[in-house]
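Keep the 3D view open as you read.

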Amino acid sequence: MHVTRRFVLARTAALISVSALPLLPQRGWAVTTMTAGDLRIDSLSDGHLEFPPEFAFSIIPEGERDELLASLKIDPLAMVHSSLNVTLLRQGDHIVLFDVGSGPDFMPTAGKLAEALSLIDVSPEDVTDVIFTHGHPDHLWGLLDEFDEPLFPKAALKMGKVEFSYWTDPSTMDTISEERQSFAAGAMRRLTAIGDRMEQFDDDVEILPGIRAVLTPGHTPGHMSFAVGTPQEGIFVTGDFVTSLTGFARPDLGTATDHDPELAAQTRASMLARLADEDWQIIGYHLPDSGIGRVRRKGPAFSFESEI
Ligand SMILES: [Zn+2]
């Protein structure tokens with residue numbers, strides 16, 4: 001059976017209208033919608049990334065790999081498909097995107113955000129604010145379209161100060177690992193193209209009403225996450241301080257995509273503890289399905305309880 005994206009969305013809309021449980025997310029092909037208080041949150045799919053398993057699991061010590069992956073029901077030999085969940089928040093007059101996806105130049109399986117936006121009748125011109133978690137390609141490169149024009153022409157663009165400085169520093173090209181040099185060149189090109197439109201913010205400031213920046217470094221030097229609202233009525237946008245189920249089971253291990261694996265592991269362990277204890281609903285950029293769920297303590301570590 002061939003199911004079109006729009007058909008799935010229409011069915012989802014019907015479900016929402018009869019839903020008596022506003023906090024229960026509803027899944028469409030590319031869009032999952034939930035509400036919390038006066039917030040409306042959509043998890044939009046930018047497509048997915050594909051990694052060979054030997055890259056994705058390289059950081060797990062060989063002697064522990066099979067058992068850990070089996071416990072998470074992950075096939076150690078299959079290509080890893082990593083979700084790309086862009087968060088759209090509608091609150092009052094603001095239409096806020098957290099990150100902008102990969103754009104047309106990163107991977108053929110990614111760069112679908114504009115399609116996902118059209119499914120909910122939001123055009124890129126409608127977006128009032130874009131808040132970045134970090135400068136990696138799958139989060140930043142969607143800033144320009146295939147003609148190198150800014151895709152969100154009316155949005156106020158915001159990135160953490162440390163992160164912006166890192167990617168706009170010409171010496172980053174010399175200090176970044178060789179396999180990430182294309183990341184540095186790509187970030188520099190895009191951040192230069194938008195000129196002084198990028199506003200910079202510090203840790204622990206309220207960027208917009210109800211949206212607080214939380215510095216979560218290690219994945220990249222100035223990586224930011226965002227607490228939106230409260231644990232009772234809100235969502236925590238994690239970005240990439242945790243990117244896979246293995247990160248919950250073994251937060252102490254770095255991941256293949258962390259710039260500073262040791263610092264990333266410290267951040268991951270402390271943030272997962274906070275999110276579990278405060279019982280936040282989270283959206284994880286690379287977590288399965290829509291990335292919406294909760295962090296649970298499990299023995300000395302954690303697990304991800306998907307809610308769609
Ligand atoms: Zn990412």
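Which element gives the largest share of the lining of the second largest pocket? The element is S15, with 4 residues. Before going further, keep in mind that this is a predicted model.

**The second largest pocket**

About 290 Å³ of space lies in the second largest pocket. Of the 13 residues that line this pocket, Ser 71, Leu 72, Ala 249, Lys 298 and Ser 303 are the closest to its centre. Two or more lining residues come from each of helix H3 (62-71), helix H9 and strand S15 (301-306). Sorted by class, the lining holds 8 nonpolar, 2 polar and 3 charged residues.

**The largest pocket**

Now turn to the largest pocket, with about 940 Å³ of space. It has 40 lining residues, and those closest to its centre are Phe 51, Ala 56, Val 80, Ser 82 and Thr 243. Strand S3 (39-51), helix H2 (53-56), S4, H5 and H9 each contribute at least two residues to the lining. The largest share belongs to S4, which gives 4 residues. By class, the lining of the largest pocket divides into 20 nonpolar, 13 polar and 7 charged residues.

**The cavity**

How can empty space be found in a structure? Rolling a probe the size of a water molecule over the atoms shows where such space is left. A search of the whole structure turns up 1 cavity of 30 Å³ or more. The largest cavity contains about 40 Å³ of space. Among the residues that line it are Asn 85, Phe 98, Asp 99, Val 237 and Tyr 285. At least two lining residues come from each of strand S4 (80-91), strand S12 (234-239) and strand S13 (281-284). The lining of the largest cavity has 4 nonpolar, 5 polar and 1 charged residues.

| Space | Volume | Lining by class |
|---|---|---|
| Largest pocket | about 940 Å³ | 20 nonpolar, 13 polar, 7 charged residues |
| Second largest pocket | about 290 Å³ | 8 nonpolar, 2 polar, 3 charged residues |
| Largest cavity | about 40 Å³ | 4 nonpolar, 5 polar, 1 charged residues |

**A strand with two partners**

Why is strand S11 (residues 224-229) described as largely enclosed by the rest of the structure? The reason is that 5 of the 6 residues of S11 are buried. Strand S10 (residues 211-215) pairs with S11 in the antiparallel sense over 5 bridges, and S11 pairs with S12, also antiparallel, over 4 bridges. A hairpin of 4 residues joins S11 to S12. Val 237 is also one of the residues that line the largest cavity.

**The zinc site**

Which residues coordinate the zinc ion? They are Asp 138 (OD), His 139 (NE2), Asp 240 (OD) and His 286 (NE2), at 2.1 to 2.2 Å. The angles among the 4 donor atoms run from 85 to 173°, and the site is irregular. Along the sequence, the donor residues follow the spacing D-H-x100-D-x45-H. Asp 138 lies in helix H5 (residues 137-140) and Asp 240 in the loop between S12 and helix H9 (245-249), so this pair ties together parts that are 102 residues apart in sequence. Both Asp 138 and Asp 240 are buried.

Conventions
Residues numbered from 1 in each chain as written. Predicted model: local features only at pLDDT ≥ 70, side-chain atom pairs only at ≥ 80, totals over all residues. Heavy atoms only, no water. 1 Å grid on protein atoms, 1.4 Å probe; cavity = no way out; pocket = protein on both sides within 12 Å on 5 of 7 lines; lining within 4 Å. Points joined across faces, edges and corners; volume = space filled by probe spheres on them. Nonpolar A, V, L, I, M, F, W, Y, C, P; charged D, E, K, R; others polar. Buried < 20%, exposed > 50% of the residue type's maximum accessible area, 1.4 Å probe, protein only. Pairing = 2+ DSSP bridges. Donors = N, O, S within 2.8 Å, 3.2 Å for Na, K, Ca; no water. Tetrahedral: all angles 85-135°; square planar, octahedral: opposite > 155°, others 65-115°.
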